[in-house]
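User: I am new to this structure and would like to go through it with you. Could you take me around it?

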Amino acid sequence: MNFTETAWKVFNQSIEDYHVSDDVNTLINNPFEKDTLERILYAKNWIDTVQWHLEDIIRDENINPAEALQLKRRIDASNQQRTDLVEFIDSWFLNKFENITPKPDAKINTETIAWAVDRLSILALKVYHMSLEANRESASEEHRANCQAKLDVLLTQQEDLSTSINQLLTDIENGDVKMKVYKQMKMYNDESLNPILYQKGQQK
């Protein structure tokens with residue numbers, strides 16, 4: 001089983017586990033051993049899965065404004081956790097490839113391994129939920145047919161993205177691509193970088 005096959009399996013296990021209770025307040029119960037890549041991937045997808053459903057909830061037109069604000073802040077915190085974990089995954093791969101010497105003409109990829117894995121995790125959620133819609137008995141036949149067509153595209157994306165990630169890993173191992181990682185440096189959660197936050201602090 002190659003890397004993306006493992007990741008896809010772990011992501012789907014996380015999604016299935018979440019939907020046992022289908023509750024955004026359910027605590028994660030990671031089944032994988034400490035310090036394994038599978039444990040990290042499971043945690044990554046669990047964050048994505050909870051946030052997927054938070055995004056659904058906040059789009060309720062009848063939601064209480066105060067509740068919506070709390071949800072928005074929870075989504076912001078989730079986004080920060082997601083970014084931190086993606087960067088941790090990149091650090092894991094940096095350590096894995098630390099003894100690889102890139103060739104003089106090695107290329108630089110526009111996307112790191114972990115951010116591609118992030119897209120694969122979100123894609124697993126899209127496939128799961130689109131499959132539900134394509135098979136929802138209460139929906140019209142037209143709706144199910146439209147969703148099946150979209151599902152077919154998503155599955156093609158999964159195949160292509162998985163191939164691309166595996167090729168990138170091979171290219172890094174062979175020294176054909178130089179692995180470089182840049183921190184996201186998100187500013188909106190940082191009280192020293194978000195002008196709304198630091199100006200508010202100066203007014204006290």
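This is a predicted model: local features need pLDDT of at least 70, side-chain atom pairs count only at pLDDT 80 or more; totals for chains, interfaces and linings use all residues.

User: Understood. How many helices and strands are there in the protein?

Analyst: The protein has six helices and two strands. Along the sequence they follow the pattern α-α-α-β-α-α-β-α.

User: And how much of the protein is buried?

Analyst: Of its 204 residues, 37% are buried. As for contacts with a separation of 6 or more, 74% of them are between residues 24 or more positions apart.

User: Let us start with H1. How far does it reach?

Analyst: Helix H1 covers residues 3-21, which is 19 residues, and spans 29 Å from its first C-alpha to its last. That is close to the 27 Å expected at 1.5 Å a residue.

User: Which residues of H1 are buried, and what covers them?

Analyst: The buried residues of H1 include Phe3, Trp8, Phe11, Ile15, Tyr18 and His19. Among the elements that cover the buried residues of H1 are helix H2 (37-58), helix H3 (65-96), H4 and H5.

User: At what angle do H1 and H5 pack?

Analyst: Their axes are 9 Å apart and the angle is about 130°. H1 and H5 are therefore oblique to each other. On the H1 side, the contact is made by Phe3, Thr4 and Trp8; on the H5 side, by Gln158, Ser162, Ile165, Asn166 and Leu169. By class, this contact of H1 with H5 has four nonpolar residues, four polar ones and no charged ones.

User: What about H4 and H5: how do they cross?

Analyst: The axes of helix H4 (residues 113-134) and helix H5 (residues 141-173) come within 9 Å and cross at roughly 160°. Angles over 145 degrees count as roughly antiparallel, and H4 and H5 are therefore roughly antiparallel to each other. The crossing of H4 and H5 is left-handed. Residues in the contact of H4 with H5 comprise 17 nonpolar, six polar and five charged.

User: Back to the end of H1. What follows it?

Analyst: H1 is followed by Asp22, which is found in the loop between H1 and H2. Phi of Asp22 is positive, near 50°, in a residue other than glycine.

User: Is Asp22 buried, exposed or partly exposed?

Analyst: Asp22 has a relative accessible area of 44%, so it is partly exposed. Asp35 also lies in the loop between H1 and H2. Asp35 is not a glycine, yet its phi is positive, about 70°. With a relative accessible area of 67%, Asp35 is exposed.

User: What touches His53 beyond its neighbours in sequence?

Analyst: His53 is found in helix H2 and counts as buried, at 10% relative accessibility. Leaving aside neighbours within four places in sequence, His53 is in contact with Tyr18, His19, Asp22, Val24 and His129.

Conventions: Residues are numbered from 1 along each chain as its sequence is written. Side-chain values use heavy atoms; hydrogens and water are left out. Axes are lines fitted to C-alpha atoms, for helices over the stretch in contact, and angles run from 0 to 180 degrees between N-to-C directions. Helices (H or I, at least four residues) and strands (E, at least two) are DSSP runs, numbered from the N terminus. Angles under 35 degrees count as roughly parallel, over 145 as roughly antiparallel, 65 to 115 as roughly perpendicular and the rest as oblique. A crossing is left-handed if the near helix is turned anticlockwise from the far one by less than a right angle, and right-handed if clockwise. Ala, Val, Leu, Ile, Met, Phe, Trp, Tyr, Cys and Pro count as nonpolar, Asp, Glu, Lys and Arg as charged, and the others, Gly among them, as polar. The expected span of a helix is 1.5 Å times one less than its number of residues. Buried means under 20% relative accessible area, exposed over 50%, partly exposed in between (1.4 Å probe, protein chains only). Contact means heavy atoms within 4.5 Å.
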